[in-house]
Amino acid sequence: MGTDCQSQSLVEATVQQVGSQRITGTVLAVQANYYFVRLDPGCYPPNTGDMLLCTRRSRLRKIGQQVWVGDRVEVEEPDWAGQRGAIAQVFPRRSELDRPPIANADQILLVFALAEPALDPFQLSRFLVKAESTGLSVCLCLNKCDLLTEAELAAWGDRLRQWGYLPLMISVRENIGLDKLALDLAKQITVVSGPSGVGKSSLLNALIPTVDLRVGEVSGKLQRGRHTTRHVELFELPTGGLLADSPGFNQPDLDCTPGDLAHYFPEARQRMAQAACQFSNCLHREEPDCAVRGDWERYEHYRIFLEEAIARQEAQERTRNTEATTKQKSRQDGQTEIEPKLERKKYRQPSRRVEKQRLKNWDADGADIDVD
């Protein structure tokens with residue numbers, strides 16, 4: 001009986017000690033209006049677990065403060081028995097990804113398959129440019145290396161090194177290269193990306209056996225995988241890092257400006273570091289004395305992506321101009337229609353307040369006018 005009382009007193013003392021300090025943690029998952037927060041060591045009493053299901057304080061909602069997966073937060077009023085709490089503060093983020101919404105990520109793990117489906121250089125180039133545009137470090141991982149010969153693997157390695165990348169060849173099925181990959185992911189927040197069907201979910205299952213993600217089968221006809229990831233969640237690695245599995249997609253949007261595009265190609269960055277273009281706004285097409293234009297493999301990819309970026313920028317400018325000269329008007333049947341905006345000074349009738357002020361000014365100048 002005395003021992004039980006001493007243990008209870010120790011637990012109560014620990015709870016009081018935790019309650020007197022700031023309780024901080026990392027958001028691992030977001031579902032509806034609830035946030036799963038993993039607490040930092042020392043921020044929770046023993047035998048209670050390090051996870052709290054939290055809500056967001058109303059004051060954060062009022063100031064428009066969103067809570068994302070990966071956010072570092074402070075939790076108030078924890079209910080240790082019910083494993084619940086309330087997020088009171090979101091600490092400043094060191095990085096942000098909008099799609100998917102992830103805070104404080106350190107690197108992008110881009111996963112492609114060398115076979116089944118066959119590696120498409122143009123698709124890989126698009127994914128690499130998208131990953132580079134995030135500003136995070138990019139780690140390229142090529143799965144299913146057991147399906148290629150040594151000569152084929154060496155050829156791909158040499159080719160991608162010319163692109164500016166050192167790919168890690170792995171095989172989830174044969175457990176090749178996974179130990180090296182785990183070391184690269186340790187103590188970092190990594191976003192896993194890549195097209196469907198290349199084995200991302202299988203890779204996460206291999207790295208974190210407790211994840212138990214559903215693995216999609218690859219369509220034999222289209223050589224594409226079914227979309228198997230439904231939401232963003234951080235999974236803890238045995239090495240201490242965190243992995244975020246993002247939804248698979250086959251053609252990511254390149255939303256960068258034409259002037260920024262070249263900076264997302266390591267080959268172009270290397271050329272610009274060695275020499276300067278004649279024009280500061282050079283787009284590296286037909287401009288004279290261009291340091292980037294030349295004989296490198298992905299230059300044609302750059303030209304294609306550049307035309308997309310220019311077309312997107314022109315479309316956005318047309319949209320802005322259209323919005324500036326038109327407005328939406330709701331009809332009685334509930335439908336909306338677009339009509340041109342009237343020029344304020346030329347067509348609009350002055351308000352009663354403006355008209356009265358104008359008449360008062362006339363009266364002050366000597367006119368005999370009565371104003372109601």
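Two strands pair if DSSP finds at least two bridges between them. Helices (H or I, at least four residues) and strands (E, at least two) are DSSP runs, numbered from the N terminus. The model is predicted: local features need pLDDT of at least 70, side-chain atom pairs count only at pLDDT 80 or more, and totals for chains, interfaces and linings use all residues. Residues are numbered from 1 along each chain as its sequence is written, and side-chain values use heavy atoms, with hydrogens and water left out.

**Exercise 1. Follow the pairing from strand S1 to strand S3 and name the bridge partner of Arg38.**

Step 1. Strand S1 (residues 23-31) and strand S2 (residues 34-39) run antiparallel and are joined by six bridges. Opposite Gly25 stands Leu39 of S2.

Step 2. Two residues lie between the strands of this hairpin, and there Ala32 has a positive phi near 55°.

Step 3. S2 is also joined to strand S3 (residues 51-56), antiparallel, by four bridges. The partner of Arg38 in S3 is Met51.

**Exercise 2. Give the strand order of the open six-stranded sheet and find its edges.**

Step 1. The order is S10-S9-S8-S11-S13-S12, and the pairing is mixed.

Step 2. Strand S10 (168-169) and strand S12 (234-236) each have a single partner strand, so one side of each has no neighbour in the sheet.

Step 3. Inside the sheet, strand S11 (residues 189-193) runs parallel to strand S13 (residues 242-245), with four bridges between them. Thr190 has Leu243 of S13 as its bridge partner.

Step 4. Helix H3 (residues 121-132) lies across strand S8 (107-113), strand S9 (137-143) and S11, at about 175° to S8. The angle is between N-to-C directions, from 0 to 180 degrees, of axes fitted to C-alpha atoms, for helices over the stretch in contact.

**Exercise 3. Check the span of helix H4 and work out where its buried residues lie.**

Step 1. H4 (residues 150-163) has 14 residues, and at 1.5 Å a residue should span 20 Å; the end C-alpha atoms are 20 Å apart, which agrees. The expected span is 1.5 Å times one less than the number of residues.

Step 2. Leu153, Trp156, Gly157, Leu160 and Trp163 are buried. Buried means under 20% relative accessible area, exposed over 50%, and partly exposed in between (1.4 Å probe, protein chains only).

Step 3. Seen down the axis of H4, the buried residues fall within an arc of 110°, so they line one face. The arc is taken over the directions from the helix axis to the C-beta atoms.

Step 4. Glu150, Ala151 and Gln162, on the other side of H4, are exposed. The cover over the buried residues includes H3, S9, S10 and helix H7 (266-274).

Key
Contact means heavy atoms within 4.5 Å.
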